[in-house]
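I opened my notebook to look up a few things in this structure. The entries below follow the order in which I checked them.

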Amino acid sequence: IMLGAMLAASYCKAWWPFVICYALLFPLGIGIVYWVPIVSGWEWFPQKRGAVAGAVVAGYGLGAFFFGFLTTAIANPNNIRPHSKLKDGDTYFPDEVAKNVPKMFRICLCFWVVLCAIGIFTVQRNPRYVQEEK
(Lines give C-alpha, C1' and ligand atoms only; values in the text may rest on other atoms or scores of the structure.)
Protein backbone atom coordinates (compact mmCIF):
# COMPACT_ATOMS: atom_id res chain seq x y z
CA ILE A 1 0.00 0.00 0.00
CA MET A 2 2.72 2.44 1.05
CA LEU A 3 4.87 2.15 -2.08
CA GLY A 4 1.92 2.03 -4.48
CA ALA A 5 0.36 5.09 -2.85
CA MET A 6 3.58 7.07 -3.23
CA LEU A 7 3.94 6.07 -6.86
CA ALA A 8 0.32 7.02 -7.57
CA ALA A 9 0.75 10.35 -5.72
CA SER A 10 3.73 11.21 -7.90
CA TYR A 11 1.48 11.05 -10.99
CA CYS A 12 -1.58 12.85 -9.57
CA LYS A 13 -2.49 16.09 -11.32
CA ALA A 14 -5.49 17.01 -9.15
CA TRP A 15 -5.68 17.85 -5.45
CA TRP A 16 -8.11 15.22 -4.08
CA PRO A 17 -6.52 12.15 -5.71
CA PHE A 18 -3.18 13.38 -4.34
CA VAL A 19 -4.66 13.81 -0.86
CA ILE A 20 -6.14 10.30 -0.96
CA CYS A 21 -2.84 8.76 -2.04
CA TYR A 22 -0.42 10.82 0.02
CA ALA A 23 -2.41 11.70 3.13
CA LEU A 24 -4.56 8.57 3.52
CA LEU A 25 -3.12 5.52 1.77
CA PHE A 26 0.60 6.24 2.32
CA PRO A 27 0.24 6.67 6.13
CA LEU A 28 -2.02 3.59 6.24
CA GLY A 29 0.79 1.59 4.64
CA ILE A 30 3.32 3.00 7.09
CA GLY A 31 1.05 2.12 10.00
CA ILE A 32 0.73 -1.46 8.80
CA VAL A 33 4.48 -2.02 8.50
CA TYR A 34 5.23 -0.14 11.73
CA TRP A 35 4.28 -3.13 13.89
CA VAL A 36 6.26 -5.81 12.06
CA PRO A 37 9.71 -4.90 13.45
CA ILE A 38 8.27 -4.11 16.88
CA VAL A 39 6.50 -7.46 17.28
CA SER A 40 9.47 -9.36 15.81
CA GLY A 41 11.81 -7.56 18.19
CA TRP A 42 9.56 -8.36 21.14
CA GLU A 43 9.77 -12.05 20.28
CA TRP A 44 13.58 -11.94 20.18
CA PHE A 45 13.95 -9.76 23.29
CA PRO A 46 10.87 -10.37 25.48
CA GLN A 47 12.50 -8.85 28.56
CA LYS A 48 13.33 -5.62 26.73
CA ARG A 49 10.07 -4.71 25.04
CA GLY A 50 10.35 -1.01 25.83
CA ALA A 51 13.88 -0.80 24.47
CA VAL A 52 12.85 -2.65 21.30
CA ALA A 53 9.86 -0.37 20.71
CA GLY A 54 12.02 2.68 21.43
CA ALA A 55 14.72 1.55 19.00
CA VAL A 56 12.18 0.94 16.22
CA VAL A 57 10.44 4.27 16.78
CA ALA A 58 13.84 6.01 16.88
CA GLY A 59 14.72 4.32 13.59
CA TYR A 60 11.55 5.63 11.98
CA GLY A 61 12.31 9.11 13.35
CA LEU A 62 15.88 9.05 12.09
CA GLY A 63 14.63 7.96 8.68
CA ALA A 64 12.28 10.93 8.56
CA PHE A 65 15.12 13.21 9.67
CA PHE A 66 17.49 12.08 6.91
CA PHE A 67 14.80 11.91 4.23
CA GLY A 68 13.89 15.50 5.09
CA PHE A 69 17.33 16.61 3.91
CA LEU A 70 17.17 14.33 0.87
CA THR A 71 13.75 15.55 -0.24
CA THR A 72 14.76 19.18 0.18
CA ALA A 73 17.94 18.62 -1.85
CA ILE A 74 15.93 17.04 -4.67
CA ALA A 75 12.88 19.32 -4.77
CA ASN A 76 14.58 22.58 -3.87
CA PRO A 77 18.31 22.26 -4.63
CA ASN A 78 18.81 26.04 -4.83
CA ASN A 79 17.11 26.62 -1.44
CA ILE A 80 14.53 28.98 -2.94
CA ARG A 81 12.25 30.48 -0.30
CA PRO A 82 8.48 30.58 -0.75
CA HIS A 83 7.62 34.01 -2.03
CA SER A 84 4.18 34.25 -3.58
CA LYS A 85 1.47 35.33 -1.15
CA LEU A 86 -2.11 34.13 -1.16
CA LYS A 87 -5.06 36.19 0.09
CA ASP A 88 -4.91 34.59 3.53
CA GLY A 89 -1.21 35.41 3.93
CA ASP A 90 0.13 31.92 3.18
CA THR A 91 3.14 31.66 0.90
CA TYR A 92 3.98 29.05 -1.69
CA PHE A 93 6.98 27.96 -3.72
CA PRO A 94 7.49 28.94 -7.37
CA ASP A 95 6.94 26.48 -10.21
CA GLU A 96 10.68 25.79 -10.34
CA VAL A 97 10.41 23.96 -7.01
CA ALA A 98 6.90 22.55 -7.47
CA LYS A 99 7.86 20.82 -10.72
CA ASN A 100 10.55 18.83 -8.86
CA VAL A 101 8.13 17.28 -6.36
CA PRO A 102 6.93 14.34 -8.53
CA LYS A 103 10.57 13.52 -9.35
CA MET A 104 11.40 13.73 -5.64
CA PHE A 105 8.61 11.27 -4.80
CA ARG A 106 9.91 8.79 -7.40
CA ILE A 107 13.53 9.05 -6.25
CA CYS A 108 12.50 8.53 -2.62
CA LEU A 109 10.35 5.62 -3.75
CA CYS A 110 13.48 3.93 -5.13
CA PHE A 111 15.16 4.28 -1.73
CA TRP A 112 12.05 2.96 0.04
CA VAL A 113 11.84 -0.06 -2.25
CA VAL A 114 15.43 -0.94 -1.36
CA LEU A 115 14.82 -0.35 2.36
CA CYS A 116 11.62 -2.42 2.26
CA ALA A 117 13.47 -5.26 0.51
CA ILE A 118 16.16 -5.17 3.20
CA GLY A 119 13.46 -5.28 5.87
CA ILE A 120 11.64 -8.15 4.19
CA PHE A 121 14.80 -10.26 4.02
CA THR A 122 16.21 -9.40 7.46
CA VAL A 123 13.28 -9.10 9.87
CA GLN A 124 12.11 -12.51 10.98
CA ARG A 125 10.11 -13.98 13.77
CA ASN A 126 11.69 -15.99 16.53
CA PRO A 127 11.34 -19.67 15.51
CA ARG A 128 10.45 -20.60 19.08
CA TYR A 129 7.30 -18.46 18.94
CA VAL A 130 6.40 -19.75 15.48
CA GLN A 131 6.70 -23.34 16.75
CA GLU A 132 4.50 -22.55 19.78
CA GLU A 133 1.77 -21.21 17.50
CA LYS A 134 1.70 -24.42 15.48
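**Notebook: rings and helices**

I began with Phe-105, which has 7% relative accessibility and therefore counts as buried, the cut-off being under 20%. I noted that the model is a predicted one.

Next I looked up the rings. I found 12 aromatic pairs in the structure. One of them is Phe-18 with Phe-105: the ring centres are 6.0 Å apart and the planes meet at 25°, so I wrote the pair down as stacked, since planes under 30 degrees apart count as such. Phe-18 is in helix α2 and Phe-105 in helix α5, so this pair ties together parts that lie 87 residues apart in sequence.

I then turned to Phe-67 and Phe-111. Their ring centres are 6.1 Å apart, and their planes stand at 80°, so this pair is edge-to-face; the cut-off for that label is over 60 degrees. Phe-67 belongs to helix α3 and Phe-111 to helix α5, so the pair ties together parts 44 residues apart in sequence.

Phe-67 has 17% relative accessibility and counts as buried.

Ring pairs link Trp-15, Phe-18, Tyr-22, Phe-26, Phe-67, Phe-105, Phe-111 and Trp-112 into a cluster. Both pairs I had described, Phe-18 with Phe-105 and Phe-67 with Phe-111, have their residues in that cluster.

One more ring entry concerns a charge. Arg-106 lies over the face of Tyr-11, at 3.9 Å from the ring centre.

**Helix α3**

How many residues does helix α3 have? I found 27, covering residues 49-75. From the first C-alpha to the last, helix α3 reaches 38 Å, which is close to the 39 Å expected at 1.5 Å a residue.

I listed the buried residues of α3 as Val-52, Ala-53, Val-56, Phe-67, Ile-74 and Ala-75. What covers them? I found that the cover includes α2 (15-44), α4 (95-98) and α5 (101-122).

**Ser-40**

My last entry is about Ser-40, which is found in helix α2. With 8% relative accessibility, Ser-40 counts as buried. Which residues does Ser-40 touch, not counting those up to four places away in sequence? I found Val-123, Gln-124 and Arg-125.

Notes: Residues are numbered from 1 along each chain as its sequence is written. This is a predicted model: local features need pLDDT of at least 70, side-chain atom pairs count only at pLDDT 80 or more; totals for chains, interfaces and linings use all residues. Side-chain values use heavy atoms; hydrogens and water are left out. Helices (H or I, at least four residues) and strands (E, at least two) are DSSP runs, numbered from the N terminus. The expected span of a helix is 1.5 Å times one less than its number of residues. Buried means under 20% relative accessible area, exposed over 50%, partly exposed in between (1.4 Å probe, protein chains only). Contact means heavy atoms within 4.5 Å. Rings of Phe, Tyr and Trp (its six-membered ring) pair if their centres lie within 6.5 Å; planes under 30 degrees apart count as stacked, over 60 as edge-to-face and the rest as tilted. A charge sits over a ring if NZ of Lys or CZ of Arg is within 6 Å of the ring centre and within 35 degrees of the ring normal.
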